[in-house]
Amino acid sequence: YAFLFPVITSIVYFLHYFKTDRLFFKVFDLLAFVTNAIYFSLMIMFGSRGPIVCILGYITCYVVLQETTTSVIVRKGRFVFFAVIFLILSLNFVPILTYLSRIIEGFLGINLNLIDKFIRMRYEGDMTNGRDYITYDTIKGIMDRPILGHGCDLFHLNHDYIYPHNFILQMFYDMGIVISLIFLISLIKKFRSHIKYKYNYNKYTLMMLLFFASVPGALFSADLWNNI
């Protein structure tokens, strides 16, 4: 996760701004891109799965969404294509990963932790690495005190886990439904207003960067009170 922000920032820059940037800056930016490409390879070979999901999510949105100077349009054909690919992967996830692992190991002689971890945990019976149990306990705790919650950063005192591994569930667990909904509704309304009524290409690009550098990972890994 330490490599996620610089890597995804490089991707955003080269997809959106590299062509129009001055030649003087392109030289230095290429050096930074090479460095972050090395970081990305390390993430794939040795890192956890979350950062890779964040990067793939951003690239998918970039391909599906067409950004103009005035708005953002969904490319319906590409959306359907990715939906079909996602369905095929969902139905044949382990066989496809096993096949990819054999090809990569055969041609490159390396093992990718991203793929191997999925396969290993699938045969161990839990691809979520225990998150199903954590989610169940978190929801049960929310139902025990739904209105006001249990208090900030007390999850580890009430359960065998350190935190819920989902910042939205942790918000409802700690602060209750009332405060959580006030925060989430205001945040969503603010985001929608900027996208729909105050669209700006640079602002949209920045928000997409910040979103995919934080939110997807925070949905299954981050601790709300101990994560920037």
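**A guided tour from Cys-54 to the cores**

Begin by selecting Cys-54, which counts as buried at 1% relative accessibility. The model on display is a predicted one. Next, display the cysteine sulfurs: the one closest to that of Cys-54 belongs to Cys-61, and the 12 Å between them is too far for a bond. A disulfide would require the two sulfur atoms to lie within 2.5 Å, and by this rule the protein has zero disulfides. For contrast, select Cys-152, which is partly exposed, with a relative accessibility of 46%.

Now show the whole chain as a cartoon. Eleven helices and two strands make up the secondary structure, arranged along the sequence as α-α-α-β-β-α-α-α-α-α-α-α-α. The C-alpha trace spans about 60 × 50 × 35 Å along its principal axes. Of the 228 residues, 33% count as buried. Among contacts between residues at least 6 apart in sequence, 63% join residues at least 24 apart.

Select helix 1, residues 4-16, next. Colour its buried residues, among them Leu-4, Ile-8, Ile-11, Val-12 and His-16. Which elements do the buried residues of helix 1 pack against? They pack against helix 2 (23-46), helix 3 (49-64), strand 1 (65-67) and helix 10.

Move across to helix 10, residues 201-212, and select Thr-205 within it. Thr-205 is buried, with a relative accessible area of 3%. Apart from neighbours within four places in sequence, its contacts are Val-12, His-16, Tyr-17 and Glu-67.

Then bring up the largest nonpolar core, a set of 24 residues in which Ile-8, Ile-55, Tyr-58, Ile-115 and Met-208 have the most contacts. At least two residues of this core come from each of helix 1, helix 3, helix 5 (93-108), helix 6 (113-124) and helix 10. Helix 1 gives the most, with five residues. Centre the view on Met-208: leaving out residues up to four places away in sequence, Met-208 touches Tyr-58, Cys-61 and Leu-65.

Finish at a second, separate core of twelve residues, where Ile-142, Phe-155, Phe-172 and Ala-218 are included.

Conventions. Residues are numbered from 1 along each chain as its sequence is written. This is a predicted model: local features need pLDDT of at least 70, side-chain atom pairs count only at pLDDT 80 or more; totals for chains, interfaces and linings use all residues. Side-chain values use heavy atoms; hydrogens and water are left out. Helices (H or I, at least four residues) and strands (E, at least two) are DSSP runs, numbered from the N terminus. Buried means under 20% relative accessible area, exposed over 50%, partly exposed in between (1.4 Å probe, protein chains only). Contact means heavy atoms within 4.5 Å. A nonpolar core is a set of buried Ala, Val, Leu, Ile, Met, Phe, Trp, Tyr and Cys residues joined through side-chain atoms within 4.5 Å.
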